[in-house]
Amino acid sequence: MNCFFSGTESHPVHVDVLPKARIGQTKPPIIMLHGGFHTGAAWLATPDGRPGWARYFAQQGHDVYVPDWPGHGRSPSPAPLEQLSTRQVADAIAVLVAQVGPAVLLAHSAAGPVAWWIAEQFPASVLAVVGIAPGPPANLLEALPDDPAVVESLRFDSTHGCPVYSPLDAPTVADATFIREFWANSPRFPKASIATYARSIVPESSRLLNERFNIGGRGLRLLDPEVVRAKPILIVTGDHDLRHPKAVDGRLAEYLAADFVWLPDAGVAGNGHMLMIEENSDDIAGIVNAWLTTQGACEWTQQG
């Protein structure tokens, strides 16, 4: 595994690189984007010690790039972290995409709006997008009032994405209760490794979190969704993800003209939000890999 720095001058990003294991393969590179409170470590290994999706897809013949968002993991922290915006993350990741693309973006959770925006703004560099329980563009979200009490009343309302209000005076920290309620709540989560997983969680930008839930109408929007709809898109969601019920992610798939895999429909039940680290993560990676194959991954690279 190699590494380098990319990103913008003000928001650099550290990038791990896993070269493809099959010499001579012409499959496109994959850029794996972690979600909020996480780092690229979520793609590199599981909490119970198994190889992660980065290794899996490298073995399938893809060069895999795993960045840490600005201010996360080994990427330097912009000051102040609590003011880091979704657009600043997207601008930084877009530099990497331009460097290594055309590529497939594989985006989890709060990286969804980043991936949709990059696909719209830099279509020549994005071959396809795979969203793993991805956040939607703000176009699909009701603008919530900038009122902590109102947002708190919706905390367990899945139709609004179970929003959380984050005060802007400091980075937001996920406590043990939050981790267990929203990320480690599924039957498929490796429960014996929750403590190990919790140590991988990092503070998050409060501004970015509020944008994710479109609080104050400040979420990252698409200006021309048709540009994104022209790309092959896959959305994958599990049945124990409180923020991503079937109807909500199905609506996102319909909006983006995407293929949608609700895992129980594929015979895979019991998964939550952290699909890439749950006990059957390789089975879900196989579903994504099969979709990439049907889309003609080799032909994408040749055309690019």
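Me: How many helices and strands are there in the protein chain?

Reply: Helices (H or I, at least four residues) and strands (E, at least two) are DSSP runs, numbered from the N terminus, and in the protein chain there are 12 helices and eight strands. The radius of gyration, taken over C-alpha atoms, is 18 Å, close to the 19 Å of the globule rule (2.2 Å times the number of residues to the power 0.38) for 304 residues, so the chain is as compact as a globular protein of that length. This is a predicted model, in which local features need pLDDT of at least 70 and side-chain atom pairs count only at pLDDT 80 or more, whereas totals for chains, interfaces and linings use all residues. Residues are numbered from 1 along each chain as its sequence is written, and side-chain values use heavy atoms, with hydrogens and water left out.

Me: What do E7, helix H10 and E8 make together?

Reply: Two strands pair if DSSP finds at least two bridges between them; here four bridges join E7 (residues 233-237) to E8 (residues 259-262), and the two strands run parallel. One of the residues in these bridges is Thr-237, whose partner in E8 is Trp-262. A crossover is right-handed if, with the strands pointing away from the viewer, the path from the first strand over the helix to the second runs clockwise, and E7, H10 (residues 246-255) and E8 form a β-α-β unit of that hand.

Me: Which residues of H10 are buried, and why do they lie on the same side of H10?

Reply: An α-helix has 3.6 residues a turn, so residues three or four places apart point the same way. Buried means under 20% relative accessible area, exposed over 50%, and partly exposed in between (1.4 Å probe, protein chains only); in H10, Asp-249, Leu-252, Ala-253 and Tyr-255 are buried. Because they cover an arc of only 165 degrees around the axis, judged by the directions from the helix axis to the C-beta atoms, they are on the same side of H10. The face turned away from that side carries the exposed residues Ala-247 and Glu-254, while the buried residues pack against H4, helix H9 (225-229), E7 and E8.

Me: Is Ser-109 buried or exposed, and which residues does Ser-109 touch?

Reply: Ser-109, in the loop between strand E5 (103-108) and helix H4 (112-121), is buried, with a relative accessible area of 15%. Contact means heavy atoms within 4.5 Å, and, not counting residues up to four places away in sequence, Ser-109 touches Gly-35, Ile-132, Ala-133, Pro-134, Gly-135 and His-273.
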